[in-house]
Amino acid sequence: MSEITYSRQGDYLIPDLTLPTEPELPLGRYALMHRDYLEKHKRVTYLNLLTSGRLNGHLHEVEQTALQRLELLMKQLSAEQGVTEELKEKTPMQWVGMMNNIRSQAEEVILTELIYK
């Protein structure tokens, strides 16, 4: 355990506190959205993760989970709705529209289950 040092501010001694260093991890869209949500709506959780040096690790894990879940949901919804490579070849514009809808549905699930939780 490190020794606490103090700085004099007028008549007061203020502890010199520093946050633990965290590894730099790539944070994508979902991680940043989750960080903003924690910072605004789950302040205690955000501060606990930040001061313990686990915030970046948590956000990176949320990002990876969200991306894996997005891929899985899109495959499942595509199969359920009959969006196939054959459809892509025959009517590409319809395929694009259906895939955009599927992506929106999958993202809505991810936002509800992972990001804003």
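Reader: In which helix do K75 and E71 both lie?

Author: This is a predicted model, in which local features need pLDDT of at least 70 and side-chain atom pairs count only at pLDDT 80 or more, while totals for chains, interfaces and linings use all residues. Residues are numbered from 1 along each chain as its sequence is written, and side-chain values use heavy atoms, with hydrogens and water left out. Helices (H or I, at least four residues) and strands (E, at least two) are DSSP runs numbered from the N terminus. K75 and E71 are 4 residues apart, about one turn of the helix, and both lie in helix α3.

Reader: How far apart are the closest N and O atoms of K75 and E71?

Author: A salt bridge requires a side-chain nitrogen of Lys or Arg within 4 Å of a carboxyl oxygen of Asp or Glu. By this rule the count comes to 5 salt bridges. K75 and E71 form a salt bridge, and the distance between their closest N and O atoms is 3.5 Å.

Reader: Is K75 buried or exposed, and what is its relative accessible area?

Author: Residues are called buried under 20% relative accessible area, exposed over 50% and partly exposed in between (1.4 Å probe, protein chains only). K75 is exposed, because its relative accessible area is 55%.

Reader: What separates E86 and K90 along helix α4?

Author: E86 forms a salt bridge with K90, with the closest N and O atoms 2.9 Å apart. K90 counts as exposed, at 60% relative accessibility. Because they are 4 residues apart in helix α4 (residues 85–90), E86 and K90 are separated by about one helical turn.

Reader: Which residues does E107 touch, not counting residues up to four places away in sequence?

Author: Contact means heavy atoms within 4.5 Å. With near sequence neighbours up to four places away left out, E107 touches R29, Y30 and L70.

Reader: Which residues touch the most other members of the largest nonpolar core?

Author: In soluble globular proteins, nonpolar side chains tend to be buried together. A nonpolar core is a set of buried Ala, Val, Leu, Ile, Met, Phe, Trp, Tyr and Cys residues joined through side-chain atoms within 4.5 Å. Among the 17 residues of the largest such core, those touching the most other members are Y30, I110 and I115.

Reader: Which helix gives the most to this core?

Author: At least two residues of this core come from each of α1 (29–41), α3 (55–81) and α5 (92–115). With 7 residues, the helix that gives the most is α5.

Reader: How many residues does the second, separate core have?

Author: I115, leaving aside its neighbours within four places in sequence, is in contact with Y30, M33, H34, Y37, V62 and I110. The second, separate core includes L38, L49, L55 and L59, and its residues number 6.

Reader: What is the angle between the planes of Y37 and Y116?

Author: Rings of Phe, Tyr and Trp (its six-membered ring) pair if their centres lie within 6.5 Å; planes under 30 degrees apart count as stacked, over 60 as edge-to-face and the rest as tilted. The structure holds 1 aromatic pair. Y37 and Y116 form this edge-to-face pair, with centres 5.5 Å apart and an angle between the planes of 65 degrees.

Reader: How many residues apart are Y37 and Y116?

Author: Y37 is buried, with a relative accessible area of 16%, whereas Y116 is partly exposed at 41%. The pair links distant parts of the chain, with Y37 in helix α1 and Y116 in the segment after α5, and their separation in residues is 79.

Reader: About how much accessible area do I4, Y6 and L13 have together?

Author: Patches are made of residues with over 30% relative accessible area and no salt bridge, with like charges joined within 9 Å and nonpolar side chains (Val, Leu, Ile, Met, Phe, Trp, Tyr) within 5 Å. Accessible areas come from the Shrake-Rupley method with a 1.4 Å probe, and for residues only the protein chains shown count as cover. I4 lies in the segment before β1 (6–9) and is partly exposed at 47%. Together I4, Y6 and L13 form a nonpolar surface patch with an accessible area of about 320 Å².
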